[in-house]
Amino acid sequence: MKTTFTTVDLLAIVAELKQRIQGMRVVQVYDIDARTYLLKLQKPDNKCVLLLESGSRIHTTDYEWPKSPAPSGFSMKLRKHLKNKRIESVQQLGVDRIVDLTFGSGDAQHHVIVELYDRGNIVLTDKSYSILNILRPRKEGEDVRFAVHEKYPVERARGAKDPPTLESLKAAVASAKDNTPLKKILNPLLDCGGGVIDHHLLEAGFPPSAKLGQHLKVDDDLTQLLQAATKAQAVVTAWADRTQSSGYIIKKVGNRTKPDGTVEEVPIYEEFIPMLYAQYANRPHEDFSSFNMACDEFFSKMEAVKIDQKAMQQEKEALKKLANVKQDHMKRLQDLSNMQKNNILQGQLIELNKDLVEKAILVVRSLVANQIDWRQIRELLDEAKTRGDPVALSIKELKLERNTIVISLSDPYDFDEDDLLLDSDEEREEGHESTKMRPMAVEIDLDISAMANARCYYDQKRQAAKKEQKTISASAKALQSAEKKTRQTLKEVAAITNINKARKVHWFEKFLWFISSENYLVIAGRDMQMNEMVVKRHLKPRDVYVHADLHGAASVVIKNPSGKEPPPKTLHEAGIMALCYSRAWDEKVVTSAWWVWGDQVSKTAQAGEYLTTGAFMVRGKKNFLPPSHLVYGFGFLFRLEESSVARHAGERRIRSLEEDSDAKESLENLSINEEEELNLDDKDEEQENIIKEENEEKEDEELKENESVSVKENQEEEDSDGEGDDEDRKDKSDEERDQSVEFPDTVVEIAHIGGDQFALRPRTVSTTSQISQSSTGGGEEEGDKVVYLGDDKPVQVNRNKNNSISKDSKGKKGKNRQDSISSAQQNNKNAKHNKETDNGKGCPPKRGQKGKLKKIKAKYRDQDEEEREMRMQLLQSMGNAKESKKAKGNKKDVKEGKVKGPKPRPSETQPRPEAALPKPEDEQGKKEEDQEEEEEDTPQIADDLNIVNALTAQPVAEDELLYAIPVCAPYSTMANYKYKVKLTPGPGKKGKACKTALALFMGDKTSTTREKDLLRAVRDNDLSKNLPGKVKVSAPNIHKVRK
C-alpha cells in the first residue's frame, strides 16, 4: 500500500493548493500526533483544513480528525507565529519532495517547510529562512545542520533534469547487466518516478516489466526507448501547464471466506495517482474530480482498509492451520503404513536369512565374551571382509553401545545381478516397482535369536496397524473439530471487523467519564492539561463543578442541560469519582468532596496571584458532600441501534425514595451474600450498630409522643383564648403564614405586677396558618416582641391588654416560673427535633445532636426569671433583625407563588454572591480565546449528548447492538449493570484486572453470542485506561476465573 507522495503527486497537490488555500488566513493550529498537524484556514466566504504529515502527505481534508487533548510545544509555536496570518504562496522547492508555505509579508513573514522524503520534517522559519522551531533536528554531513537558529538551506533544492540524450541513454544501457528492468535503467535519468516510466514504456509498446536483453534490442529499440523517456520527463517539466488534474484510487480485490464457507470479494485501496497510468487501466479504480479529494479519501479510509487487511490475514492463517492439520494427519497415516510394510519386510528377510543371522550373532557374541576391545572387534571384522568372509561382509555396522548390529539382508532365493538396477528412483517415481525384495539393512538384537528378532518386527507391525486404525477412527473427529474451530475463528474475525468499522469514538471518551444513575453525563480530566480543557471548554454556567481538596483530585464536571440542580445521588457519585481519581485511592483515605455551580469557577486569580495549569479560582459557597468510600466499578455499556432505543427509555430515570431504597437493598444483598473477595464488617460491630439504632428509634418515639401531647395542649388553650382585634389577627396571620416553619413555637406572656416583679404565662401555639389565626385572637398589642432564648430559634412574646394579673397568678408565682422553664425546655426540645427532621428529610438525628439536646436541657434547668428577662432584653434587637430578614424573604416567596413545604436548599433559595460571577472582562477574554473551539465542538457535543440515551447497560435479546464501550464508574451507579465488577484499592495491575473481569463476563451463561462478540472486539488499551490505579477485583464466582 502506498503511503507517501511521489514527485508527480507533489506537483499535482501543490498546483491544487495554490488555487484552494492561497490567500486564506490561519485561524487555529492543532496536532493529531507527533507527526501530523492541522491548520484551520478561512476566508470570508470559505473555510478549509490543511493537513500536514511529516514525511508522508500534505492536502486539505473534509473529514473530522481526532485532535490531541492538549497542544504540543510545536503546535504552540506554530500558533504564536502563524495565527491570523495569510498564506501568501505555496511552492515546491525544485523537484524535491519539499513544500514551502509562506505566511504573512514583510518583517512578519514566516515559512513552514514540509519535507516529505525519508523520515520527513516540518520546519518553522522567519522571512530569512532562519529556523525558529523544527520537528526533527538533524545533521547532514559536517556543514549542514538542521537546528534552531540555523539557516535552512533552500538553495540546495534540485532543479528538473534535462531530457536524456541518445548518448546518455546508450551509456546507461551499456553499463547495465542483462535481465535488468528497463525502469531501473531509466529511473536515475528522470525525475518522474517509476509509475510514470512504466506508463510511457507501455504506451511505447514495451511489455510490462520489460528487461534488457529479453525485450530490448539495443540496435532496434533504443530510439523507441528514448521517446518514452522524453515523454516521461515532460510530465514533470510541463505539469504546471495542466489546467486541472484528476485523482484516482487504484483498488485491489481480495477474497475473504465467510463463516458459511462462501467467498466474498473485498476491495482494498492500494494506490492514489494524479493521472490514470496505462498499467492500471484495466484494474478497478475510483475517479475523483481532483487529486486532493482522492488523497483525502484514501488516507481517511486507510484505517478501514487496514482492518480489512488484518481480517484477511487472520482468515488466511486460520485456513492455513486447518490445511496443516489435514496435511499432518495424512502424513501420520502414511508413516504408519510405511512402518508396517518395513516391519513385515524385515521380519521376512530375517526368516529367509536365518542361518546367516545366527552366525553373525554368534560371532559378535564370542568376540564380546572374550572381552576384546570394541575397536579391535571392528578391526577384526574389517580383516575378515578383506578375506571375503560372507558373515563379515553382511555386517554393515556395529552398535555395541546398544547391543545391536546392522546386517544387510536380501532374498537368497530370488536374486539376480540384473535386479540390482530395479527399483531405482526414476522407476519408483514412474510407478514401476519391482515385486522382488530389495536388499535392506536390518537391525538385529544380540540378546535374542534370529527368530525372536523376526517376531519383534512382526509385533511392531501389529502395533503400527492398531495405531493406524485408531488414527483413522479419530481422524474424522479431529478434522471436524479443526474445521469447527476454523469456522468459529472466521466468524469472530468477521464480527470484530464489522464492529470495529461501526465503532465511533465519542468526544467524552478522551476524558474520564461515566453516566450517572439519573442519566447525567459526568466527565473529568486525566491530567492538568485535560482538567484545563474540561473546565474551559466544557463547563457551562449551569453545569456543576465537583472537586476534592486532595492532591491529584480530578476536576469533575456534571453536564446539566436542564439547568436545574442535579439530584443528590448524581452529586454523590461525581464526588466519589473526584476522590477515586486522587491521592486518596493509593492512600485509602475516606474523605468528602464538594460541588459548586459552573459560574463560580473562574480562571481569573486574585490580584497578585497566579493560577497554574489545571488550577481554578472558586468564588462563593462550597456545598460539601458526605464522606464517601473508595468503591469503584468496571463494566460495559452497549450502543443501541436507533430502533432499540425506545425499549430502554427511562432506564436511568430519577427514582423515588422507595425505588432507590429497593435498589440499595438489592445491591447490599448482592454484596453481602455473593461477593467473595471483600472483607465484610465483623459481626460484633454489626450487633453494636443494631443496638444503637434501636436505642435511637426509642428516643425518637419519645420525642414524637411529647410533641403530640404539646400539640393537643395547644389546641385546648387556643379554644379557650379570648377574642382579639380582627386587624391585629390579620397582620399576625400574614406574619405567621410567611414563616414556613413546621414545629410549634412558645408564646410567653409577661404581666407587670408592680415594682420590678413580672409574671410569666407560657403558651404553646402551632404556626400553621389556620391555627395561627385562632391563637392570636387573645388581644395582640403593638408591644409584641420576638426574642431568642439562648438558641437560634425566635420566640413570640405577647403582652396582655391589662398590666395586672389575677390573684391566682400572683399566688402561683413559683409555679409559673417552673412552668415557664419547663415550657421553654419543651419548646427547645421540639424545635430542635423538628429542625433535624426537616433538614434530614425524616432521617434520625445525626451523631452528637442528642447529646446537644441534653446539654440545652441542663443549661436552662437552673435559670430563674430575672436572668431570663435580662436575656430577652439583650437579644431583642437581634431577634427583630433576623425576623425582618426572614419575613422579607418569605414574603418574596409568597409573591412568587411558591408553595409552602419543607425548607428548600440554600442553593435554590439564596442567590449566589456577586463575587462568584466572573467579571465581564473575564468572560469577554474567555470568549475571544475559545471562540473557535466552541464553534467547532458545540455541534459535536450536542450530538453526542444525545448518544447517552442510546447507551444501555441492560441489553436484552431483542436489541440490536452496535458495539460495546468499557466504563469505570462508582459502584453504586452500576446497580443495574449486566456486566460489572467491584474495584477497591489493592495490589493488582490494571491490565490483569481488566482481563480477569473480561474472562468473567465471557463465562456468563446469560450472555448472548452478539454480546460476547462485542466484548471480544474491545481493544486492550481501551479496557484499562480509565481504571483509577492498582485495584482489587471483587465479583461473584470470581475465584473460578482465577483458577
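This is a predicted model: local features need pLDDT of at least 70, side-chain atom pairs count only at pLDDT 80 or more; totals for chains, interfaces and linings use all residues.
**View 1. Strand β26 and its pairing with β32.** Strand β26 takes in residues 632-640, and β26 pairs with β32 in the antiparallel sense over nine bridges. Strand β32 itself, which covers residues 961-970, is mostly covered, since nine of its 10 residues are buried.

**View 2. Strand β33 between its bridge partners.** Strand β33 is joined to β26 by four bridges, with the two strands running antiparallel, and K980 of β33 is the bridge partner of G635. Another five bridges join β33 to strand β34, residues 1031-1034, again in an antiparallel arrangement, and here T984 stands opposite K1032 of β34. Seven of the nine residues of β33 (residues 980-988) are buried, so this strand is largely enclosed by the rest of the structure.

**View 3. The largest nonpolar core and another one apart from it.** The largest nonpolar core holds 84 residues, and the members that touch the most other members are V546, Y632, F634 and F636. Another core, which lies apart from this one, has 73 residues, including I21, I58, L226 and Y269. In soluble globular proteins, nonpolar side chains tend to be buried together.

**View 4. The open sheet of β5 to β9.** Five strands make up an open sheet in the order β5-β6-β7-β8-β9, with antiparallel pairing. The edges are formed by β5 (87-92) and β9 (131-134), each of which has a single partner strand, so one side of each is left without a neighbour in the sheet. On average, neighbouring strands of this sheet are turned by 20° against each other when direction is ignored. Inside the sheet, strand β6 (residues 98-103) and strand β7 (residues 110-115) run antiparallel and are joined by six bridges, and the bridge partner of D100 in β7 is I113.

**View 5. The buried and exposed sides of helix α3.** In helix α3 (residues 166-175), the buried residues are L169, A172 and V173. Seen down the axis of α3, these buried residues fall within an arc of 95°, so they line one face of the helix. The face turned away from this buried side carries the exposed residues E167, A174 and S175.

**View 6. Two loop residues with a positive phi.** N403, although not a glycine, has a positive phi of about 60°, and N403 lies in the loop between β15 (395-399) and β16 (404-409). The relative accessibility of N403 is 27%, and N403 therefore counts as partly exposed. K588 is likewise not a glycine and has a positive phi of about 55°; the place of K588 is in the loop between α16 (583-587) and β22 (594-597). K588 counts as exposed because its relative accessibility is 56%, and exposed here means over 50%.

Conventions: Residues are numbered from 1 along each chain as its sequence is written. Side-chain values use heavy atoms; hydrogens and water are left out. Buried means under 20% relative accessible area, exposed over 50%, partly exposed in between (1.4 Å probe, protein chains only). Two strands pair if DSSP finds at least two bridges between them. A nonpolar core is a set of buried Ala, Val, Leu, Ile, Met, Phe, Trp, Tyr and Cys residues joined through side-chain atoms within 4.5 Å. The arc is that of the directions from the helix axis to the C-beta atoms. Axes are lines fitted to C-alpha atoms, for helices over the stretch in contact, and angles run from 0 to 180 degrees between N-to-C directions.
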